Amino acid sequence: MNDDTTLTRLGVHPKQYHGAVNPPVMRGSTMVFPNLAALDGKEEVLYDYGIYGTDTAVALREALLGLEGGYGVELVPSGLASISTVLLAFLQKGDHLLVPDNAYHSTRRFCDGCLLKYGVETEYFDPAIGSDIKDLLRDNTKVIWLESPGSLTFEVHDTPAIVAVAKDKGIITVMDNTWSGGYYYKPLAQGVDVSIQAGTKYIGGHSDILLGTIVCADKPSYTKVHNSYQFLGMCVSPDDIYLALRGLRSMGVRLERHNESGLVIADYLSGVKEVVKIMHPGREGDDYHDLWKRDFTGSCGLFGFVMECVDRGALASMVDGLEYFDMGYSWGGFGSLILPTDPRGERSWRSGAVGVSRIKPRNWDYGDGYQTMRIHVGLESVNDLIKDLEKGFERLRR
Ligand SMILES: *Cc1c(COP(=O)(O)O)cnc(C)c1O
């Protein structure tokens, strides 16, 4: 099935619901057993407790499995809950974990602040490492975390090269696949064991839900993730799952627009004299474009750029006056966002960093006099967005 068909058809079972196209928001904590035999497990029941989800969750899980491939899916209350549930599933005291240096900041925080406390050591690696990751492996390396493109700086991994090294040693690989929505990139098809997403972003698509998805390639990995999910009491309200399903139905067409407009805005920015760097792997000439082109079929609306900027006051006059670019965390909704960032604060060379690292960090050359930005290009008219940015740069200059 083509992805666009998957997104619109999977989990749609009108016959089960008297012709209604969508599954109901099916609420339930107690799910009563028909008889003692069922309670004793001698007769099968579909649901024995609401925490494992009802028809609403089943529909979303079915659609996600179709989209990303694999054996089993869990739904959790946030993207961050996907990260913690999966890491706790595969790691224990004494284990070593490899995480890319451009990982989402809360991934780092969980590793340095929580896993460390339970005796798991995290080491950060250069996202461009490729098969050289073999040099970082230890006997106790259990998981290699991946995020591609990475947060804030958008480097793309050579995932097949890393996976080949991991497979050779029986190490689990996990991809944070939020950027692609699971639509433009299929990590499981490249041998990755688990793909997680912040469903909060493009699956939800409307800035109104928090959700995490975990898709596992096979039964052994799914069993571990499912146990972790059960240990932690993870669950998602059927209302949020319903909204996620609604978002998922239109994710393909939305992403196509985000992709198209994102590239137009990146091109526009490349002609702005203050802009010194654009970090958009889907764009010709980007350092990671070739890897992206090999593995991805499109880009979402999220990318980064660096501009000359004398001070915070100039930045304020630029961003505070924007009409269509709001400032806020998270992304993947219908609206455009802009966010001043500082990758230096989220990399291994930051002061007070906890995780060990044997990489020689790639220095972020853009300190004083420069400002790194993250932009999410939404579904507005791209011409309106460009006019808005043009006026913003005029204010920056003034
Ligand atoms: C936003 C984000 C998350 C976390 O998602 P939440 O639902 O906000 O917890 C995880 N990974 C990446 C790459 C993200 O951008």
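Okay, let's start with helix α11. The face of α11 turned away from its buried side carries two exposed residues, Arg 312 and Asp 320. Helices (H or I, at least four residues) and strands (E, at least two) are DSSP runs, numbered from the N terminus.

Before I go on, a word on what we're looking at. This is a predicted model, so local features need pLDDT of at least 70 and side-chain atom pairs count only at pLDDT 80 or more, while totals for chains, interfaces and linings use all residues. Residues are numbered from 1 along each chain as its sequence is written, and side-chain values use heavy atoms, with hydrogens and water left out.

Back to α11, which covers residues 312–320. Which of its residues are buried? They are Ala 314, Leu 315, Met 318 and Val 319. By contact I mean heavy atoms within 4.5 Å.

Now, helix pairs. Two packed helices are described by the angle between their axes and the distance between the axes. Axes are lines fitted to C-alpha atoms, for helices over the stretch in contact, and angles run from 0 to 180 degrees between N-to-C directions.

Take α4 (residues 79–90) and α5 (residues 105–115): they pack at about 45 degrees, with axes 10 Å apart. That makes α4 and α5 oblique to each other. The cut-offs: under 35 degrees is roughly parallel, over 145 roughly antiparallel, 65 to 115 roughly perpendicular, and the rest oblique. The crossing of α4 and α5 is right-handed. A crossing is right-handed if the near helix is turned clockwise from the far one by less than a right angle, and left-handed if anticlockwise. On the α4 side, the contact is made by Leu 80, Ile 83, Ser 84, Leu 87 and Leu 88. On the α5 side, you have Ser 106, Thr 107, Arg 109, Phe 110, Cys 111 and Leu 115. By class, that's seven nonpolar, three polar and one charged. Ala, Val, Leu, Ile, Met, Phe, Trp, Tyr, Cys and Pro count as nonpolar, Asp, Glu, Lys and Arg as charged, and the others, Gly among them, as polar.

α4 has another partner, α7 (residues 219–232): their axes come within 8 Å and cross at roughly 115 degrees. This crossing is right-handed too. Among the residues that meet here are Leu 88 and Phe 90 in α4, and Val 225 and Tyr 229 in α7.

One more pair: α9 (residues 251–270) and α12 pack at about 30 degrees, with axes 10 Å apart. So α9 is roughly parallel to α12. Their contact includes Val 264 and Tyr 268 of α9, plus Leu 385 and Phe 393 of α12. The residues of that contact divide into nine nonpolar, one polar and one charged.

Most residues other than glycine have a negative phi, and most peptide bonds are trans. Where is there a cis peptide bond? One joins Ser 148 and Pro 149, with omega about -10 degrees. Pro 149 sits in the loop between β4 (141–147) and α6 (159–169). Phe 154 is in the loop between β4 and α6, and its phi is near 60 degrees, a positive value in a residue other than glycine. Is Phe 154 buried or exposed? At a relative accessible area of 2%, Phe 154 is buried.

His 18 has a positive phi as well, about 55 degrees. It lies in the loop between α1 (3–9) and α2 (36–39) and counts as exposed at 83% relative accessibility. That's me done, so over to you!

Technical notes
Buried < 20%, exposed > 50% of the residue type's maximum accessible area, 1.4 Å probe, protein only.
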